[in-house]
Amino acid sequence: MMRFLLLFSRQGKLRLQKWFTPIPEREKKKIIREMTTMVLARKPRSCNFLHWKDLKIVYKKYASLYFCCGLDAEENELLALEVLHRYVELLDKYFGNVCELDIIFNFEKAYFILDEFLLGGEVQETSKLVVSRSIEASDMLQETMEEYMSKPAF
Amino acid sequence: MSDVVEKTLSALPSLLSLDSQAGAGKLSPSSKLGNLIKGITELTSKHEEEKLIKKELAAIKEQVASPNTSMRQMKEIMVRAIYCEMLGYQASFSYIHAIKLAQQGSVLEKRVGYLAVSLFLNETDEFLLLLVNTVLKDLQSTNLIDVCMALTVVSQVFPRDMIPAILPVVEEKLTHPKEIIRRKAVLALYKFYLIAPNQVQHIHSKFRKALCDKDPGVMAASLHIYLQLIKESPESYKDLTVSMVTILGQVVGGKLPMDFNYHSIPAPWLQIQLLRILAYLGKEDQGTSELMYDVLEDSLRRAEMNHNMTYAILFECVKTIFTVHPKAQLLEKAAECIGNFVLSPKINLKYLGLKALTYVVQQDANLALPHQMTIIECLDHSDIIIKRETLELLFRITNAQNVTVIVEKMLEFLRMTSDDYSTIDLVGKTMNSVFSLGGDVMQPDIPNNFLRLLADGVDSVEDRRMRLFAVDSYVSLLQGETAQLPQRFLQVISWVLGEYSHLREEQDSGTIMRLLARLLDQRNTSTETRSWVLGAMTKLCSNPVSVALARDVCERYSGSLNTVLRQRAQELMILSQDTELRARVLPAEGRLEHLEVDSSLSFLDGYVSEALAAGAAPYKSPHQRQEDLAQEKALTLEPYGLSLPVSLSSCSVTDRLTDGLSPTLLSMSSGLSGNGTELSHGGGSTTLKLDGVKRVWGKEGYLAQQQSVEDAPTPPVQLPSPLLSPQRPPSQTQTPEPDQEKQQLASSLFVGLGSHNSVCLMGRAEPAPQHFRRKPRGGSSGASERSSDSSHSSRSAAVDNLLLSNLLDSTTVASEGGATTTTPQQTSQRTLDHTTSNGSPHVEGKEEGVAAGGSLSLIRGMVAVVLPTHTETDPQSDLHPAPHPAPALERPGDLPLTSHLPAELSGLARSELTPLCSDQDPSLALSACRVYKEDALVVLVFIVNNTNSTLHQMALQLTCKELEISCISGSPLKEVKGHSVSVCLHTVVMKRASVQVELAGLLSYQRPLGQPQAAQFSLSLSLKHFIRPLTVSTGEYGKMWLSFSHDLKQNLRLVTTEHQEPLTATLDALKSKLHLHIVDIIGSEGIVACRLLQGEGHGQPCLLHCRVHANTLAVWLRSPVPELPDSLLYHCQKALTET
C-alpha cells in the first residue's frame, strides 16, 4: 500500500501532503525534507524509483511539480507510476490544463480529488461506473448542489 | 483528454463538479487565502515567512475563537490553517474547530472539516473521540454525500478503540444499493482489518459477498482485504483459487466493461491484485499452482502493448510464475520476459528487470547468466540506483568463487556513495553473508578494508548507524551457532565488538564479554582468532562483571603455550585490574586516531648497535639466512624438510605494519610460535615472506601489473595472464579493450553459477583457470566456434574417436568446461586434443596440412590454444619425439609394433619401446611403452608370439605398492595366436610422490601341450612420467601459492646457452624434461606449475618459484603434499645436470 504522497515544487516547496499511515509530526518533517533533497538531486532521465529505508520511493516530475510517493516493499513501482499519472490526469481534467498555480491556490480541491481516487493508501477507483449509474448518482446530488450554488463561498 | 479520465471524473462524487466549469474554482487572489499565498511566494527569506505565518496564525486564532464566526467563514479559515500546517507551522489550536466544522457545517463545510481532520489528526489523537458521534450520524444520514464523507474519513483516521461503535453501521453499508457506498464500506472494513484484525473477524462471510458483488469496483475493493488475508494464511483460502483464476481469466479476456480499461489495457489494477493473490495461493502448493498455469500464461501472452502499465502487469506476472510451484515451460517464458526488461533502453524497465532477476536468481542462479554483460554494464551505470540494484543482484549470486570480486565491487560502491540507510543495509548483509560464506578463502585485504571503512570517516550519524548495525548483527550472530563461522569473520566480529559495542547503549558489555568468552572456549577457534578475541575483551572490560570474566579468561590463557595468546592474556589481566591505566591505553573515544607506527623500528637502533658492539652477528633476513644455509650445504641434496619455512614468519609483524592496515592488526602477527599446521590453517593470513626480494609477486599475482590495471588499494583479482591472452581467438582480440575487461569481470562474477565446479582447482583433470571459463553465449564465444571447427576438421577420425569416447568417458566429463552440448565426435575429439596438448606440450613438430586434418584446438575455458596439427588418419606422422632427448633409434622390429598401438593412443606422446626379458624365451618377446595421457600414464605391454603355435591362458599381472594400476584393455587377453602381437594397456598413477618406482610384471601363459610358464620382468617408472603441466594464470598461481604449506628451497645450476637468457633456457629445459608449465617469466624470476597425477580426476599441484641469484637458480617449491617438492626437486636437479 502507499504510505504517503507528496507534491512539491522544483524549489522544494511542499504543495500537498497525504499520509496514509499514522506518522508522528517530527518524522513527517524529516521524510519531507529527505524526499525533497533526494528527489531534487536526481538528474533528468534517470530512474524514477528510489529506496528510502524500507520503502520504495516512486517519483515523477510533471512540469514544475514533483509527485512523489512512498510504497511498501512488495508494491509494484511501475503501477505506482501509473497511479501518479492517473492522479495528474484527474487534476488535469478538473482544473483544465492543470498547472502548479492551480494546485497552490486550490490545494483543498486537489485533496478532495485525491480522496476519491485513493483511500487508505489503496486505489479506490480502478474504473468508472457505467454512464447510466453515474447519471443516477448525480441526479440524487442535484438538490444539494443547487442549494450550495446559491450561496457563494467567499 | 482521454475517455478514461472523463469517465473517472464523472464518477467522483459529483460534488467536485459544483464549480460548473473546470478551473472556475480558482481563487481570486483577493481572497484571504489568496493573499496569504501571494504574500508568502513574494517573500525572500525564511525569517520573513516565519513572521508572516505567525501573524496569520494569530489572526486565525482570534477568528476561530470569536463566537461571531460563521461556519462559512470557519471553512475558509480552516483552509488557511491547512496551508499553514503544510508549510510546517503548527496550528493545533484549530484542530478542535475542524471537528466542530465537521459536526456542524453543512455539506460543503463539513467536507472541509473532515478534510482538515484527516490532515491534522492521527489515529491516536484524543480529539478523534469527539468525532465518533458525528461520523455515526453521517453514516446513518440519508444523504449519500454525508455517508460518503463519513466512510472516507473513517478509512483515513479513526480511533481503533471506537471501531465497535460504528462497525455495525459500516457493515450495513455492504448491502447499500449504491456501489460507491458499498465500495467505500469495503475499504473502510479493510482499514479496520489492518488496524484491528480481531474486530472484523466475524464478518468474513460478508467479505465473500463483496467478492461476488455484481459491481466490479466493489469486487476489486474486496481484493485488498483478500490479499491481506491470504498473505497471512494462504491455507484457509485455497478454495478461492478457482474463483480468482476465473476472475483473472475474464479480466484478461476483456470481459469487463470498457470503462475499466486504462489506456486500453483491461483493468490493470485488478489484474495485478489478482496476480499477487495467486502468487500467495500457489506458493509451495503444486495442486493449486496447476490450476493457474493456463491463466498465467494467458496474461503473459496478452500483455503485449508497449506501455508502462503492460510492463507492470508483466512484472507481476513473472513474479507470480516464479513464486508458485514451477512449471518449466512457463518459467522459460517468464525468463524471456525478464530479458525484455533487462535489455530495454528505458531505465525504469531496466531497473525492474534487475529486480526481477534478483528475485528469480534465488531459485536458479543460472538465469542471470544470459544477462552477464548487461549486468556488468549496469554495474557502471551512471544512475546510482541502478548500480545499487545490480549489487543487490550480485549479492544474491554470491558464492565461494566470486565472493572476492563481488566484495571488491561493494567496497568500491561504498567508497563513492554517501552513506545512507540502503547502503548500510545492503553492505551490512552482504558483508555478513560474504564473511560467513567465504571468510577463509578471502584475501586478508578484504576484511581489513571493511574494518577500515567502518573505522574511517567522521563521526557522523550515518557512520554511527552503520557501526551500530554491524554490532547488532554480530551480536545476534554470536548468540546463534558460531561453530560454522569462518575464522576471519570471527576476527572481524571481535574487532568490531571491541571497538563499537559501546554504541549500543542497552547492551552492557558483560553480555558481549560472555559471547566472546564463549568463542574462546570453542574448540575450533584458531589461535589467531583467540588473540583477536582477547584484544576485544581488553577494550571491553569496563564494568565489574566483565572484569571478573576477564580474570577468569586470563587465568586460563596466561598459561597458554602460544606466546601471543599468553601476552594478550597478560595485557588483559593487567589492564582489567588497573582502570586508570586502561583508560590511558585504550581511551573510549578517539580510538580511531591514526597511530604513528615506526615500521623501521628505529627506536631499537640503540639496542641494536649495542648488541653489535658486543659482538652480535648483524641481522639477516630469513630469506638471506635460508640462502646462506643452502649455499653452505651446497652438496647436501637432502633437504631439511619442513622445519625451515616455519622460522620465516618472524618478519610478518613489520610486514603488516608497513601495510598500514587496521590498528588492531598491530599485534596480530600470525603464529610467531606457530607450527606447521597452524600455518596451513591460517591460509592466506600468513603473508608471503619475501622481504629482501623485490616485491614482484603479490598476494594476487604480479604486482606491477596490478597497479597498471587499477589503482585501487585492492586490485582486481582476476588478471589476464600474459601467456594466455595472445592465444585468444581473433574474434576476441578485435573487441575493444574495455569490453574485454568487462568480459573478464563477467567471467569472474558469474563463476560457479553454471555447472557447479568444485572449488578445488586441482581436483579436476582439466585445470582450466576458472575465471576464464565463459558460458556459451549465443554461440558467439570463441570456444564454441573452435569446437565446431575441430569437429568439422576431424570427421575422418570419427570412427576412432567413437571408440575413444567410450574408453575415456571419465576424461570427457572432466574436461567438459563451458560447452555442454557436443556430439560424441566433438567430445572425444576435444578429449584427444587435450590429451595431446597436455601430455606433450613440448611437441613442436609443425606438420600442417598433412592429410585431411585441419588445425585442432584445445578448448580450455575461454582460451583456445591452437596446436600443431596431428592427423589421426596417418599414424606414421605421429611419431613425436619421445620425452627423452635421445633420438628414437628404433630397431626395425619396432615399427610393426607401433602399428599395434591402439588408435586412440596413437596421437599421444609416448616413450620408445623398451624390450623386456626377451632372452628368457626367444619365442616370446615382451616390450613396453609408456603413453602420456593427460590424466594417467598408460603402460603398454606388447606380447609378440614368434612361434607358429597359439599361446593359451595368458595372464599379465603388474604389481607395485606405490602405484595404482588398472587394466584398461577392452578384452582380457586369453590367447595369442602364432606370429601375432597382443597389447595390454594399464593406466598407472602414483599413490604418493616418489622419485622412482619399480613395476613388477608377471606374464603367465601356456603353450599347446606344454606346462604353464611364466615370464617375469620389471619396469622402472620415474616421477617425471607422472608429472603433467598445470595451466594456471598468474593470479591463480598467487592464490595457490599462499594456500600451500609444504615448501622447500634449493639452489640449482643455471643452464647457459648462447642465444637464450639463462633463466629462460633453464626453465625451458625443465619444461621439456619434466612437463612443467611455465606460468610467467618476469625479469629474473619465473613461476612454473605442474601437477602429479593421482587417481582419476585428481592431481596434486606443485608450484615452483625460480629466481636467478648469483649465477644459481634459487628454486622454491610449494605443494599441499609433503613428498612432492622433495621428489620433484630431485628430478629438477637431475634434469639440469644432464643438460
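The following questions and answers go through a predicted model, chain by chain and contact by contact.

Residues are numbered from 1 along each chain as its sequence is written, and chains are lettered from A, with ligands numbered from 1, in the order in which they are written. In this predicted model local features need pLDDT of at least 70 and side-chain atom pairs count only at pLDDT 80 or more, while totals for chains, interfaces and linings use all residues; side-chain values use heavy atoms, with hydrogens and water left out.

User: Where in chain A is confidence lowest?
Analyst: The predictor's confidence in each residue is pLDDT, from 0 to 100, and chain A has a mean of 80, with 81% of its residues reaching 70 or more. Residues 128-154 of chain A stay under 50, although the model has 40 contacts (heavy atoms within 4.5 Å) beyond four places in sequence for them. Where pLDDT is low, the predicted coordinates should not be read in detail. Strand β5 (residues 65-71) of chain A has the highest confidence at 95, whereas the lowest, at a mean of 40, is found in helix α5 (residues 131-149) of chain A.

User: What percentage of the residues in chain B is buried?
Analyst: Chain B holds 46 helices and 18 strands, where helices (H or I, at least four residues) and strands (E, at least two) are DSSP runs numbered from the N terminus. Buried means under 20% relative accessible area, exposed over 50%, and partly exposed in between, with a 1.4 Å probe and protein chains only. Of the 1139 residues in chain B, the buried share is 58%.

User: Among contacts in chain B between residues at least 6 apart in sequence, what percentage joins residues at least 24 apart?
Analyst: The contacts considered here are those in chain B between residues at least 6 apart in sequence. Within that set, the share joining residues at least 24 apart is 67%.

User: How many residues of α25(B) are buried?
Analyst: Helix α25 (residues 487-500) of chain B has 14 residues and should span 20 Å at 1.5 Å a residue, which agrees with the 20 Å between its end C-alpha atoms; the expected span is 1.5 Å times one less than the number of residues. The helix is largely enclosed by the rest of the structure, because the buried residues of α25(B) number 14 of the 14.

User: Why are Arg301(B) and Asp298(B) separated by about one helical turn?
Analyst: An α-helix has 3.6 residues a turn, so residues three or four places apart point the same way. Arg301(B) is exposed at 53% relative accessible area and Asp298(B) is buried at 18%, yet the two form a salt bridge with their closest N and O atoms 2.3 Å apart. The separation is about one helical turn because both lie in helix α15 (residues 286-302) of chain B, three residues apart.

User: Is Arg568(B) buried or exposed?
Analyst: Arg568(B) and Glu571(B) meet in a salt bridge of 3.3 Å, N to O, and are three residues apart in helix α29 (residues 563-577) of chain B. Glu571(B) is partly exposed at 27% relative accessibility. Arg568(B), at 13% relative accessibility, counts as buried.

User: Which residues does Thr310(B) touch, not counting residues up to four places away in sequence?
Analyst: Thr310(B) sits in helix α16 (residues 308-323) of chain B and is buried, with a relative accessible area of 3%. With residues up to four places away in sequence left out, Thr310(B) touches Ile265(B), Ala303(B), Glu304(B) and Met305(B).

User: How many disulfides are there over all chains?
Analyst: A disulfide is a pair of cysteine sulfur atoms within 2.5 Å. Cys1090(B), which is buried at 0% relative accessible area, is in no disulfide, and its nearest cysteine sulfur, that of Cys1102(B), is 5.0 Å away. Over all chains the count of disulfides is zero.

Notes. Salt bridge = Lys/Arg side-chain N within 4 Å of Asp/Glu carboxyl O.
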